[in-house]
Structure formats: C-alpha cells, structure tokens
Amino acid sequence: MPDSILRFRTFRGRLAFVFLSLVALVLAASFFIALQANRRYALRQIETNLRTGARIFSALTEHRLDQVTNEARLLASDYGFKQAFGTSGEDRATIRLAMQNRRDRVKADFILLVSLEGQTLYDSDQPRRDGLPFDLPGLITAAEENDALQARGLALRQGKLFAVVVVPLLAPAPVAWIGLGFRIDDAFAAELGALSKQSVSFLQRNDSTQWIILASTFDVGKRNELQRAIGALTGASGRILQLALGGERFVTLIEPLDVRNGAAAVALQRSLKEELAPFRALEAALLFVGCGGLVLSAIAVAGIARSISRPVLRLAESVHRVEGGDYTTGDSPDFGRADELGQLTRSFQNMTAGLAERDKVRDLLGKVASPAIAAELTRGQLTFGGEERKVTILFSDLRDFTTLSEQLMPPQLLEILNAYFTRMSRVVDAHGGVIDKYIGDAIMALFGAPLNTPDQARRALESALEMRMALNELNRELLAGTGRVLRFGIGIHTATVVAGNIGSPQRYNYTVIGDGVNVASRLQALTRKPEYDAEIIVSDATLSETFGVFRSRQLGDVAVKGKQQLVGIHALLGRREREEGAR
Amino acid sequence: MPVSEAMPRICARRDVVGAVLLFTLQFTACAGNIEVEIKESGGTPVADAVVCATPLTGGTSALKGKAIVAQKNKQFVPYVTAVQKGTAVQFPNQDDVKHHIYSFSPAKKFELPLYAGTPADPVVFDKAGLVTLGCNIHDWMIGYILVVETPWFAVTTGNGRAQLRGLPAGTYQVEVWQPRLKGPSARTAQRVAVSADNSPGTVSFRVDLKPDFRPRRGPTGTEEGYR
C-alpha cells in the first residue's frame with residue numbers, strides 16, 4: 001500500500017523535521033550566544049589584564065625610582081663627599097673619582113653632578129659634557145620647585161631610555177645637584193614582563209614620527225614584526241588594539257611615557273590565542289554537548305513519532321478492513337494503553353463490534369431488529385432456512401390514508417407517515433416484537449419469531465393497546481399542527497406458519513407465510529366494518545392464549561377465504577383492571 | 001635659587017678715610033638709632049633677618065668681640081648670627097650628645113669634629129661673607145653666621161623688628177639679609193640718614209622670601225629623622 005507508506009513517512013518525517021529543526025535552532029543559538037559572550041568576556045579580561053599590567057609597570061618604575069632616590073640621598077649625605085666637594089671644588093679629578101666610586105657602590109648605571117647654575121660638573125654616562133649646560137634642565141627646575149628638593153623622570157639619551165632622579169647635595173644648604181640613573185633596558189622589560197605575564201616593549205618616536213623599539217621582551221624576529229606593525233601609528237595611546245605579529249594576534253595597549261626630552265611609550269601585549277585557550281575548551285565542550293543533544297533528540301523524536309504513528313497505522317488498517325467488511329479486530333497491542341491512543345483503540349474496537357453485530361442481525365433477518373432481539377439472535381443458534389412455528393401476527397392499517405395523501409403535499413405526508421411509523425415501531429420493539437415490513441401505510445409485525453417468545457399473544461395484544469395510546473398522543477400533536485387526525489385498525493391472529501428468510505441472496509427478508517397471515521390481514525380489514533365498531537380485532541386463537549388478562553367483546557364468527565373453519569373474533573377493549581398478576 | 005656662598009657681600013664696604021672720620025665722629029654729640037621693621041610681601045613679619053648699616057661717609061671700626069653659637073636640643077641657637085669680621089665665635093655644645101660641626105663656606109672652612117662641652121679655642125671669622133654651619137651627625141642642623149664689616153648690625157626677632165644703636169650722624173646704606181631672601185640684598189637696600197638729634201624713625205623693608213628648604217625634624221621631637 002504505497003499510499004499509506006507515504007503518509008506514514010510524511011508524518012514521522014514532518015514531526016522529526018520540525019522537532020529536530022527546533023532543537024537544532026535552540027542549540028545553535030545557545031552555542032553562538034555562548035561563543036559571543038565568551039569572546040567578549042575574554043577580550044574584556046585581556047583589557048583588564050593589560051591595564052593592570054600598565055599599572056604594574058608604573059608601580060614598578062616608581063618603586064625603582066624610590067629605591068634610587070634613597071640611594072642618591074644616601075650618597076648626597078656622605079660627609080666625605082661633601083668634604084671633597086666643599087674643600088676641593090676645583091679639583092675635578094678628585095670629584096670625578098669620588099663620584100665613580102659612589103656610582104659603583106649602588107650599582108647605578110650613571111651618576112651626575114650638576115652645579116646650582118645648571119652646569120654639568122660630572123656626567124659618568126657622557127663625560128664629554130663636563131662644563132656644558134646640563135641636558136635635562138627641566139629636571140633641575142622640577143627639583144627646585146619640589147618640597148623635598150628632589151625630582152625624578154624618564155629621559156632619552158643617545159638612543160637609550162633612562163630613569164633619572166635628582167637630589168640636592170646638602171652641605172648643609174644645597175650646594176649642588178646629584179643625579180642617579182638606571183637604564184630601561186631588556187632586563188627591566190623582562191622583569192616587568194615576568195611580573196605581569198605579558199610582553200613588554202619600550203618604544204621611542206623619533207623625528208620622522210616612526211616608532212623604534214628601545215627594549216623588549218620579544219626576540220629579534222618578533223621585534224621586527226612589532227616595528228612593522230606599529231610603524232607610524234598615531235593616536236594609539238591608551239587604546240586597546242589588535243596587532244598581528246607573524247601570524248599571531250596580540251592584544252596591545254600602548255601607554256605614553258612621560259619623557260622630558262622626547263616621545264616614548266611602553267607597549268604591553270598579550271597573545272590572543274593564549275588568552276582564548278581556556279574558552280576554546282569550553283566552546284569545544286559546548287559543541288560536543290550540543291551535537292550529543294541533537295543526536296539524543298533525534299532518537300527521542302524517532303521513538304515518539306513511532307509510538308504515535310504505529311498505533312495510528314494499525315487503526316487505519318483496521319478501518320480499512322472494516323470498510324471491506326472485515327470486522328475482525330484481532331488483538332491490538334494498543335488496546336491496553338492508558339493514553340488517548342488506547343482510548344481511541346478501545347472505542348474503535350467497540351464500534352467495530354457494534355457494527356459487526358448489526359451487520360450480523362441484518363444478515364440474519366434482512367432487517368434491523370431491536371437491540372434485545374439482536375443480542376438474542378447473535379447468541380443463539382437459529383435457523384433461518386425455514387421452519388414451522390407458532391407466530392402471532394399483527395397487522396395495522398391507516399384509515400382514509402389515500403384521501404389524506406391527496407390533500408397533503410408529499411413532504412408533509414411523508415413526515416406524518418414517518419412519525420406514525422416511528423412511534424408504532426417503537427411500541428412493537430418495546431414488546432419484543434419485530435416489524436416484518438411496512439406495506440404502504442400498513443405495518444406487519446411478528447411476535448414469537450425469530451425468537452421463541454412464550455407469551456407472544458399477550459405481548460401482541462399489549463402492543464396493540466399501546467399502539468392505540470401512541471396514536472392518540474400523535475393525534476393530539478397532529479391536530480394542533482395540521483388540524484387532522486389519523487385513525488387505524490389492527491388485526492391480530494396466532495397460527496402456525498412457515499418462518500424463514502424469503503427472497504434471493506441479494507434481497508431477502510425474514511418473514512412468515514401461511515394462512516395465518518391472511519387471517520390476520522382479514523381481521524384488520526374487518527375493523528373498517530362499522531357494525532363491529534372495533535379498532536382492534538383479535539382472533540380466538542390469540543385471545544385464548546391470554547387467559548383473561550384483557551377485556552374484550554365478542555364479535556361472532558367470520559369466514560375467512562381459504563379456510564374452512566370459521567374464526568371467532570373479538571374486539572379488544574383494554575386490560576382487565578384490579579387483577580393480581582395481570583400484566 | 002638656594003643660597004650661594006658667593007653671594008652675600010653685604011655691609012662690606014671699606015674706606016680708610018672713613019675709618020679716620022669715624023674716629024672723629026665718635027667724639028661728637030650723641031649717636032642715633034635706626035628702628036627697622038622687615039615684612040614679607042604678604043605682610044608677615046620676617047624673623048632671623050640680619051640688618052646692617054654701612055656708613056657711606058666714613059668707615060667702620062673693628063670691634064673685636066665675641067659671639068656664641070650654641071647647640072641646644074640639636075639645633076643651632078641662634079639660628080642666624082651676625083658678627084663683625086674678626087670676631088671669635090664659641091660653639092658650646094649644650095646637648096648630651098656629641099656634635100660634629102662643619103662649614104665649607106668660602107668665608108670660613110672649618111670643622112669641629114665630634115665634641116661635647118665647649119671646645120677650648122673659639123673660631124675666628126676673619127673674612128666677610130656668609131658662613132653656613134652644618135652638623136655631620138644631625139642632617140637637619142643648619143645655622144648661619146653672617147660676617148660683616150660694619151659694627152652696626154642686628155638680627156630681627158619674631159616680630160620682624162630690630163634696632164641699630166649708637167650710630168653716629170651720617171648717611172648709611174642699610175641692607176637686609178635673610179636665609180630665604182630672594183635676590184641680592186643690595187636690591188632691597190635703603191639709604192638712611194642719621195642725625196644727631198634723633199632717630200629717623202622706623203625703616204620698613206618689604207622683601208620676597210623663597211620657601212624654606214630645610215628638612216623638618218620628625219614630629220615627636222625624639223625621633224631624629226627627616227620628615
């Protein structure tokens with residue numbers, strides 16, 4: 001069945017597609033949000049770290065300068081030196097040696113002696129400057145204006161970067177300036193880099209506005225890269241940039257340095273790859289979890305789809321079978337399910353059973369019978385081929401129906417007729433009878449066939465009485481609605497007849513044939529006779545079976561065509577009241 | 001700019017003729033006084049300022065005198081002293097610790113290494129000029145001795161006032177020097193005439209001072225360190 005297979009696949013496929021798409025979408029969205037958040041966080045972290053590194057640099061430099069200042073002050077308060085300066089001021093050689101001695105004591109990179117007028121008396125770094133004006137007059141001015149008469153700062157000298165402090169030589173009033181300095185070189189950069197775990201480079205901007213590297217923690221190769229990358233960068237101070245050095249991306253912070261006689265800066269750098277490494281691990285984990293989740297979802301979806309589509313398919317198959325007339329439901333595995341599909345299956349099976357029964361009864365009788373009879377029929381082993389049995393036959397017929405049919409419009413006529421039939425058949429059913437057929441406006445009912453009904457006569461008579469009551473009720477309605485009333489006549493006779501399915505296989509009917517049928521019919525016709533004044537005429541045979549339960553009026557005997565004997569007839573009046581056990 | 005040793009050549013004018021004249025003048029009628037008041041440009045009175053008057057007509061006589069600069073409570077007392085050239089100065093140590101006084105000023109280079117009590121020989125200051133005293137042990141100790149040619153000098157007290165007494169009649173160049181003085185003292189010099197009858201009244205000076213560079217002692221006073 002290719003159709004059903006297609007439908008099967010489509011539902012499952014659709015469910016799987018929708019669900020998995022949703023899951024994939026959610027997972028992908030989460031993943032990318034996490035990715036973005038990670039990146040942003042990582043960069044923020046790097047920035048924070050770089051700025052911390054910048055602060056460490058400042059602190060470290062200040063600390064070194066504090067140390068050097070203290071050393072300088074110690075040197076400046078050396079009495080021997082004061083004496084040498086004070087007593088042999090013109091003796092440059094002595095002074096020079098004394099200064100070199102002191103520089104070596106503290107292991108500074110250079111020592112300076114400057115007169116109060118700003119003339120270089122001794123410069124260990126550039127001895128040829130002796131006698132020339134000091135090349136950092138700004139430092140001296142700063143010291144003069146300082147409370148403690150000291151100053152510090154960075155200076156560029158012959159392409160090298162130095163940190164310099166200046167203190168007064170007090171004897172006991174200031175008589176000269178002493179300076180101490182140390183180089184900002186690779187070793188210093190290395191120390192700073194180790195402390196703050198980043199790459200440090202010191203840059204100088206020369207006249208052609210190019211940055212050159214003075215010192216760095218990088219090796220030569222990376223230095224060249226950095227040189228190239230920075231090039232003629234302007235306006236980068238204080239901002240975080242990303243530079244690519246030899247394929248590796250570095251997040252860079254360039255902080256300007258306050259240098260008295262030039263422009264310099266420190267570049268603090270962290271490798272982006274290294275910083276992102278822990279986040280990469282997280283992302284990989286997220287990806288793995290995401291994919292795993294997707295796979296699990298797919299499995300779950302397949303399972304769910306199956307658990308829905310399978311029962312549905314089974315039901316579809318069952319329906320198809322029912323359509324073909326096969327009412328065998330078999331044992332469905334879905335029968336015992338507690339959920340909606342179980343309910344559906346159970347309902348379906350009940351329906352199928354009901355259909356099967358009805359079909360069976362139809363098959364059996366060629367007509368629909370009351371549920372009670374139907375139940376009996378399906379339970380019992382019955383013959384429909386033909387048998388002789390005693391049956392009570394009831395005929396009823398409407399008076400002046402033809403006239404009525406001429407006076408009314410067809411739809412209205414049908415409505416009235418069907419209303420009448422509906423009520424009458426309900427009564428017959430209720431008393432265990434079976435409507436054999438409708439002949440125009442006449443009803444033929446059987447009591448005692450196809451089931452054995454012991455009190456069939458009584459039932460038939462009860463039925464007739466109730467039919468009268470029902471007709472009265474109907475007439476009340478009809479009178480109100482149409483202004484017309486219906487009148488009928490009923491004939492009842494009990495006889496042994498032949499009962500069975502009569503007709504062809506394509507069209508048959510469970511009915512009875514025999515004289516008894518004619519008699520019943522004849523009795524019904526007799527109700528037209530005004531001299532009888534009877535609505536319900538019953539035969540002796542029937543009445544005698546009721547043992548005085550009913551009130552009746554003898555009407556005499558009549559001759560029925562085909563029968564030799566005369567039939568005794570009575571008019572049925574009603575039930576006998578105040579009789580114990582009368583039913 | 002801090003004090004330079006080369007600077008204060010004040011009240012150092014010499015005149016031989018003047019010297020003779022002064023002798024003469026000594027026997028004339030009663031001498032006058034000069035009241036001096038020194039204030040900073042902001043109006044604050046200036047203490048520890050040396051005021052000296054050099055006669056423009058006539059000379060000065062050398063009065064050999066004595067002066068005392070003690071060390072008390074690890075300070076030079078007085079902070080600023082003025083002496084006439086040729087004065088012998090004593091440096092009694094009134095502390096219970098030893099001091100090592102020195103000076104590398106061109107006007108007088110000397111040192112009194114670690115001593116207690118009073119050294120036997122006073123130090124004679126035979127050159128005019130500024131002498132800056134220091135102590136090798138106590139870095140904050142600083143004192144000044146201004147050696148002047150004229151015998152008429154005084155040091156202002158806390159209210160910024162000083163009095164020059166016994167000046168013979170005549171015209172004088174009155175100069176002021178203070179350790180924190182900005183610029184040469186000649187810039188703020190004034191000419192004052194002294195007559196035989198009475199003093200010329202208060203001579204006011206307005207001076208500009210540089211900030212005090214001296215390292216302060218520790219807050220408790222027992223802590224003998226820098227600020």
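## Exercises on the A–B interface and a hairpin

Between chain A and chain B, four residue pairs, both members at pLDDT 80 or more, are in polar contact, that is, a pair of N or O atoms within 3.5 Å, where within protein one must be able to donate a hydrogen and the other to accept it, and residues adjacent in sequence count only if both atoms are side-chain atoms. The model is predicted, so that local features need pLDDT of at least 70 and side-chain atom pairs count only at pLDDT 80 or more, while totals for chains, interfaces and linings use all residues. Residues are numbered from 1 along each chain as its sequence is written, chains are lettered from A in the order in which they are written, and side-chain values use heavy atoms, with hydrogens and water left out.

**Exercise 1.** Determine how much area chain A and chain B bury between them, and which residues of chain A lose the most.

*Solution.* Begin with the total, about 1600 Å², of which 64% lies on carbon and sulfur atoms; buried area is the accessible area (1.4 Å probe) that two parts lose on being put together, summed over both. Then turn to chain A, where A:Tyr79, A:Leu116 and A:Pro172 lose the most area to chain B, together 37% of what that side buries.

**Exercise 2.** Describe how strand 14 and strand 15 of chain A are arranged.

*Solution.* First locate strand 14 at residues 488–503 and strand 15 at residues 508–513, which pair in the antiparallel sense over six bridges; strands are DSSP runs (E, at least two residues), numbered from the N terminus, and two of them pair if DSSP finds at least two bridges between them. Next, note that the two strands form a hairpin with four residues between them. Finally, take one bridge, in which the partner of A:Val498 is A:Ile513 in strand 15.
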